[in-house]
Amino acid sequence: MIPISWSLALSAVLFVIGVIGVLVRRNALVIFMSIELMLNAANLAFVAFSRDMQSLDGQVFVFFVMTVAAAEVAVGLAIIVNMFRLRETVFVDEINLLKG
Amino acid sequence: MTPVPAPQLIALDWWALGAVIALSAGAMLLLLLEFVPAKPGSSRAAVLSLLTLAISAAAVFVARDARRSIFDGMFVHDGFTVFFTLLFCAIGAVSVLLSWDYVRRTGIHHAEYYVLLLCATLGMIVMAASNDLITIFVGLELMSLGLYVLVGFRRAHLESNEAALKYFLLGAFASGFLLYGIALLYGATGTTSLTRMAAFLSESPLRGNPMFVAGGLLLLTGFAFKVAAVPFHMWTPDAYDGAPTSVTAFMSAGAKAAGFAALLRVGLTALGGMPAEWGPILSAIAILTMTVGNVTALLQTNLKRMLAYSSIAHAGYILVALVAGGRDGASAALFYLAVYSFMNLGAFGIVTMLGRGREERVLVSDLAGLGFRQPLVGLAMTVFMISLGGIPPTAGFMGKVYVFKVALGAGLVPLVIIGVLNSVVSVFYYLRVTVALYMQEPQGEPTEVSWAAPAVVALLVTLALTLWWGIQAHDLLLEAQRSVMGLL
Amino acid sequence: MREYIPVLLFLLVAFGFAAGTIALSSIIVPLRRNAVKNSAYECGVVPMGDARQRVAIKFYLVAVLFILFDIEAVFLYPWAVAFRQLGLYGLVEMALFIVVLFIGYVYLLKKRALEWE
Amino acid sequence: MLWLIPALPLAAVLLNLLVGGRLGRKGVGWLACGAVGLAFLVALRAVLRLAALPEAQRTVTDTVYTWMRVGDFSADVSFLLDPLSAVMALVVTGVGFLIHVYSTGYMAHDASYRRFFLYLNLFMFAMLTLVMADNFLLMFVGWEGVGLCSYLLIGFWYTRPSAAEAGKKAFIVNRIGDVGFILGMLILFAWGGSLNYARLFAVAPHVFAVGSTVITTATLLLFLGATGKSAQLPLYTWLPDAMEGPTPVSALIHAATMVTAGVYMVARTHVLFQLAPVSLQTVAWIGAATAVFAASIGLAQNDIKRVLAYSTVSQLGYMFMACGVGAFTAGIFHLMTHAFFKALLFLGAGSVIHALSDEQDLRRMGGLAPRLPWTHATMLVATLAIAGIPPFAGFFSKDEILSSAFASGNTAVWILGLAGVVMTAFYMFRLYILAFRGQPRLSHEAEHHLHESPPSMIVPLAVLAALSVLGGLVGPPMQEGGHAFARWLAPVFAGGEHAAAAHHAVPMAVEWGLIALSVVVALAGIGLAFRVYLQDPGAATRLRERLSGLHRTLLHKYWVDELYDATAVRFVHGTARSFWRFWDTKVVDGAVNGVGYVFEGFSAVLRLFQTGFVGTYALFFTLGVAALFLHLLRH
C-alpha cells in the first residue's frame with residue numbers, strides 16, 4: 001500500500017504547479033487549466049485522506065468538487081470564448097481596460 | 001447490509017427548508033416559463049422572482065424560533081440561518097427592484113438574469129445555513145457561478161466581459177485554495193461536519209498541528225477573497241466597475257454577507273471561536289483592508305470604483321468585530337452587515353438610476369448639481385454617503401459605534417484607533433459626492449435620472465432602513481444578538 | 001517549531017520540483033525558434049492555414065453540455081452501489097436530482113442549443 | 001418635555017421640507033422663527049422649573065429612547081437640563097431666535113430663502129442636541145450635526161468658488177479636531193466604561209489617578225476637538241474664511257453658538273480636566289496665546305467681518321484661558337456675554353453691509369453714524385462691551401477671567417490676557433471709527449442706496465444691545481459667596497473651582513486694583529484707536545473738535561505721533577500682516593493641505609498596484625497566502 005505521505009506530496013506538488021501556472025501563464029485558457037490542476041490536487045488529497053481514515057466523506061466531497069469543476073468549465077469557457085469574440089485575444093496581459 | 005435510515009423530516013423542517021426549496025423551484029420555473037410566450041416587455045420574470053423571494057422569507061419566518069438540524073446535521077436551521085436567510089432574501093428583493101428598469105435600459109432583459117440572481121441568492125443561503133464544509137463549498141460555488149455570469153451579463157460590453165473574466169479566474173483560483181484548505185482540515189480532523197470537527201477538537205485539540213493550522217488558514221484565505229479583504233481584494237474594483245450596476249449592488253451586499261456568514265459559522269462552531277493563531281493575522285488583515293480600501297478610494301473619480309473600494313474598507317471594519325471574537329464580536333458583525341447591505345444597496349441603487357436609456361453615468365462629476373434638480377436623489381445619496389462615512393444619525397454610525405465598542409471591550413485599543421482614523425479619512429471621499437451634488441455645476445450635459453417605480457421603492461426602503469436603524473438601532477441589535485445566541 | 005520542519009521541507013520540495021522542471025526544460029532545451037517550430041503541431045502533417053482559425057462554436061457548446069450531463073453519472077454510481085440500503089428515500093432523491101437535470105435539458109432543447117444548424 | 005426643545009426646530013425642518021414650497025416666503029420665515037421662539041419659551045419654562053428645585057436636585061434628565069443596549073453599555077437619546085445646559089439652552093434659543101428674526105429681513109431678497117431657513121433650523125436642532133445631551137455619544141451627534149450645518153451654510157452661496165472653498169476648509173480642519181474628540185471619547189469609554197456624563201464623572205476620580213497619562217491623553221484629545229470647533233491655535237484658520245457665509249450665519253454659528261461648543265465641552269467635562277493638571281495648563285496657554293495672537297491679526301484687517309472673526313477667535317481664547325485656570329464659571333459667563341455682544345456686532349455689521357449694498361471693506365465706509373442711527377447706537381454699545389468698559393456686559397466677564405488668572409498664579413497668562421485687552425479695545429474702536437466716524441468714503445453707488453435697515457433687523461439689534469448692557473449684571477465682582485451667576489452654576493462646578501476659591505482669597509484692594517488696571521488698559525486701547533484713526537488729516541473736523549482736548553495734547557507731541565505712526569503702527573501692522581500672510585496661509589493651510597496631499601500620494605501609489613492584470617492580482621493573492629504561512633512558521 002502506498003503510504004499517505006506520498007499521495008500528499010504528489011498532491012502538494014500538483015497544487016503548487018497549478019499555482020505557478022496561474023502566475024506565469026498568460027493565456028486565459030491555460031490559466032484556467034492550471035486552476036483545474038489545483039482543484040484536482042485537492043481531490044487527490046481528499047481521496048488519500050479518505051482512504052487513510054477509512055471514511056467516505058472525502059470521496060463524496062470529490063464528487064461534488066468534480067461537479068463544481070464541470071460547472072466552472074462551462075461558465076469559464078463561455079466567458080473566455082466571449083472575450084475572444086470581443087477582443088480577439090485570450091492573453092490576460094492584453095486585457096486591462098479596468099484598472100486603477 | 002443494514003438499510004440506511006431515511007431522515008425523518010417533521011413539518012417544521014419543511015418550513016425551515018422552505019427558502020431553499022422555493023428558490024430552487026422558482027429558478028427552475030422561471031427557466032421553463034421562457035417557453036411560454038409573454039407579451040414583449042413583460043415584467044413576469046421580475047414579479048415571479050420577487051414572489052419567490054417573498055415565499056422563501058415567509059417560510060423561514062414562520063419557523064423563525066425553531067432550532068432544527070436537518071440531513072444528518074448538514075443543514076441547520078437556527079437563529080443565525082434565519083437572520084441571514086431574511087437578509088439575503090431582502091438583498092435579493094431590493095436587487096430585483098433595482099434591476100427591473102435597469103436591465104431593460106441596458107438591453108439585458110432576459111429571464112436568465114433573474115434565474116441567476118435567484119440561484120446566487122440560494123447559494124448565499126446555503127452558505128449561511130450549512131453546517132458542513134461540503135455544503136458550504138457547494139453553496140459558495142453556486143453563488144459564485146451565478147455571479148460570474150451576472151457580472152459578464154452584458155456580453156457585448158467590453159468592460160463587463162473583462163470584469164467577468166477577472167472575477168472568474170481569480171474566484172476559481174481562490175476556490176482552489178479554499179478547497180485545499182478544506183482537504184487539509186478534513187485530513188487533520190477526519191470529518192467535514194462542523195459539529196463533529198468541534199467535538200473532535202474538544203477531545204484532542206490540534207493546537208499547532210501544521211496540517212490543521214494550514215488548512216484553517218487556506219480556508220480563511222478563500223473566505224477573505226469573497227469578502228474582499230486585502231490582499232485578496234484586487235478583483236473587487238474591476239469586477240464592481242465592469243458589472244452591470246444592479247449586479248454590483250447585489251454582489252457588494254450579498255456576496256460579502258455570505259462570505260462573512262460562512263466564516264463566522266466555521267469560526268464559531270467548528271474552531272471553537274476564532275482560533276488564537278488567527279488573532280494577529282485577522283488584525284493585520286483588518287488594518288490593511290480598512291486602510292488600503294479607504295486610501296485608494298480617495299482619488300477615484302468613478303462612482304462605482306469608489307464604492308468598490310469603500311466596500312473593501314467596510315469589510316475591514318467587520319473584520320475588526322471578528323478580531324474581537326466571541327458572540328459579541330459576531331453579533332456586531334451581523335449588525336454591521338445588515339446595516340452595510342442596505343446603505344450600499346441604496347448607494348449603488350442610485351447609480352443604477354443615473355442616465356437615460358443605454359447611457360450610463362457613473363462618474364462622481366456626473367452628479368454635479370443633481371441635488372437641486374432631483375431632490376430625492378440628492379437627499380437619499382447624501383444620507384447613504386453620511387451613513388457609509390459613519391456620521392450620525394444614520395445606521396452606519398450605529399454600526400461603527402457597536403463594532404468599536406465591542407473591540408474596545410476586547411481591549412483592541414490600537415485597532416479601534418486605526419479604525420476611527422480610517423473612518424475620518426473615508427469621510428473625505430464620501431463628502432466629494434455630496435459636494436458634487438450640491439456645490440458643483442454640471443460640466444456639459446447634465447445627468448438625467450431614469451425614474452422607475454420599482455427602483456424608487458427600493459430606494460425608499462433602503463433609505464428608510466438606513467435612517468431607522470440610525471435612530472432606533474436597538475431592535476436590529478437584539479435580533480443580531482439573538483441570532484448569534486441561537487447558533488446551533 | 002520542530003514539527004514545522006517537515007512542512008517547510010515539504011514546501012521546499014514542492015516549490016523546488018515545480019521550479020526545477022520549468023528551469024530544467026528551459027535550460028536543456030535549445031531555444032531556436034523558426035517558422036516551422038512555431039507552427040501548430042498537427043501530427044506531422046503540414047499545417048493548413050492558421051490553427052487559430054475559429055472552430056465552430058457548436059463544438060464547444062456540445063462538448064461542454066456533454067460534460068455537464070456526463071457528470072451526473074458520478075452521483076448515479078454510488079447510488080447504484082448502495083441502492084438497496086438507501087431504499088425508497090434514495091430513489092426519490094435520485095429522481096429529484098434527475099428531474100432538476102431534466103429541466104435543464106428541456107431548457108437547452110427549447111433554446112435550440114443542441115440543434116446542429 | 002425636554003426633548004421638545006430640540007424637537008421643535010427639527011419639526012420646522014421637516015415641515016419646511018414637506019410643505020415649505022407652498023408656504024411662501026412669509027410662511028417659511030414664520031415657521032422658522034416660530035419654532036425657535038417656541039423652543040426658547042419651552043426652555044425658559046423648563047429652566048424656571050429647574051430654578052424652583054432645591055439646589056442639590058437641579059439635574060433633570062429626559063430619556064427619549066435607547067438607541068442600543070449591550071450588556072452594561074447603553075446609548076441613549078437622553079437630554080439633560082442642569083444649570084450649565086440651562087444657560088446654554090437659553091443662550092442658543094434666545095440669541096438664535098433673535099438672529100432668525102433678523103434673517104427674515106437680511107435674507108429677504110435671496111433666491112434661496114427657504115433653503116437658508118432649512119439649514120438654520122437644522123443647525124438649531126443639532127446645537128440644542130449638543131448642549132442638552134446627557135452623554136458623549138449624543139453630544140457627538142450634535143457636534144457632527146453643527147459641523148455639517150456650518151459647512152452647508154458657509155458654502156451657502158456655493159456658486160462663489162471662495163465660498164465653496166471656505167466650506168471645504170472648515171470641514172477639513174474640523175475633521176482633524178473630530179479625530180481628537182472621537183479618540184478621547186474612546187479612551188474614556190475604554191477606561192471609564194461609560195459615555196454617560198453622570199456615570200463617567202462619578203467613576204472618573206476612582207479610575208483615573210490625578211495626572212495619569214491616560215486621563216491627560218484623553219483630555220488633551222478632547223481639547224484637540226475643542227480647538228477645532230472653537231477655532232483655537234493651531235486649528236483656527238477656518239473661522240475667518242467662514243465669513244464667506246451670510247452674515248446672520250456668522251453671527252449665529254461663528255460667533256454666538258457653535259464655536260463656543262468647545263468651551264462648553266471643556267466646562268462640561270471639567271471633572272476630567274481637573275484630574276489632568278497638564279491638560280488644564282495646556283488649555284490656559286493655548287487660550288491665552290490665541291487671545292493675543294488673533295487680536296494682533298485683527299489689528300490689520302480691512303474686511304469688517306474678518307475683524308470680527310479674528311475678534312471671535314480671540315474672545316474664545318479668553319474663555320479657554322478661564323477654563324484653563326480653573327475658573328469655569330468665568331468661562332461660561334464670558335461665553336454668555338460674548339454671545340450677546342458678538343452676535344450684536346455681527347448683526348450690526350450685517351446691517352452696515354446691507355445698507356451699503358454688500359460693501360464689506362472698512363476703507364470704503366466712514367461717517368455712517370448719522371445715516372444709520374440705530375445701527376450705530378447698538379454697535380457702539382457692543383463695541384464698548386467687548387472692549388471691557390463698565391458697566392457693559394463684557395467688562396464683568398472679562399474682568400472675572402483676568403482676576404481668576406491672576407489669582408491662580410498664572411501671571412504670564414494674566415499678562416497675555418491684559419495685552420489682549422489693549423488690542424481688543426484698539427481694533428474694535430478702529431472698526432467703529434472707520435465705519436461710523438470720520439468722512440464718508442463710500443462709493444457713489446453705495447451712497448445712493450444707503451438706507452437704515454428694516455425693523456425686523458433693528459429690533460433684534462436693540463434687544464441684543466439691551467442684553468449687552470445688562471447681561472453682565474448677573475455677575476458683578478466681589479459678592480459674598482459668589483455672584484448670582486456663580487451661585488446658579490455652583491451645583492455643576494461644585495467643589496471644582498479651586499481657582500475661584502483662590503480668587504476670593506485675593507484681598508479686596510488687589511481686586512479693585514485689578515479692575516482698575518483692566519479698565520485703564522482698555523481705555524488706553526480706545527484712546528490709541530481714536531488718536532491713530534481720527535488724527536488722519538482727512539478726518540472730519542467735527543470729531544476733531546469734540547476731542548479737542550485730547551487732540552491738542554497730541555498735537556503738542558506731533559513727532560510722537562509721527563514716530564508712532566512710522567514705527568509702532570507700521571510695525572504692528574506689518575507684523576500682524578506678515579503673521580497672517582505667512583502663518584495663516586503658509587503654515588496652517590500648508591499643513592492642512594499637506595495632510596491631504598500625503599493621503600492623495602498614498603492613494604496614487606496604491607492605485608498603481610491595481611494594474612488591471614489578472615496576473616498581478618493572482619500574484620498578490622499568492623503573496624498574501626505566503627505571508628500568512630511565513631507568519632505561522634515564525635510562531
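The secondary structure of chain B amounts to 20 helices and 2 strands, where helices (H or I, at least four residues) and strands (E, at least two) are DSSP runs numbered from the N terminus. This is a predicted model: local features need pLDDT of at least 70, side-chain atom pairs count only at pLDDT 80 or more, and totals for chains, interfaces and linings use all residues. Residues are numbered from 1 along each chain as its sequence is written, and chains are lettered from A and ligands numbered from 1 in the order in which they are written.

Trainee: How do you know whether the radius of gyration of chain B agrees with that of a compact globule?

Mentor: The radius is taken over C-alpha atoms, and the globule rule is 2.2 Å times the number of residues to the power 0.38. For 488 residues a compact globule would have a value near 23 Å; chain B has 22 Å, and therefore agrees.

Trainee: What makes a residue of chain B count as buried, and what percentage of the 488 residues are buried?

Mentor: A buried residue has 20 or more other C-beta atoms, placed from the backbone, within 10 Å of its own. Buried residues make up 69% of chain B.

Trainee: How many residues of chains A and B are in contact?

Mentor: 36 residues of chain A are in contact with 32 residues of chain B. The largest share of that side of chain A, 17 residues, comes from α3(A).

Notes: Two residues are in contact if their C-beta atoms, placed from the backbone, lie within 7 Å. A residue is buried if 20 or more other C-beta atoms lie within 10 Å of its own, exposed if 12 or fewer, and partly exposed in between; C-beta atoms are placed from the backbone.
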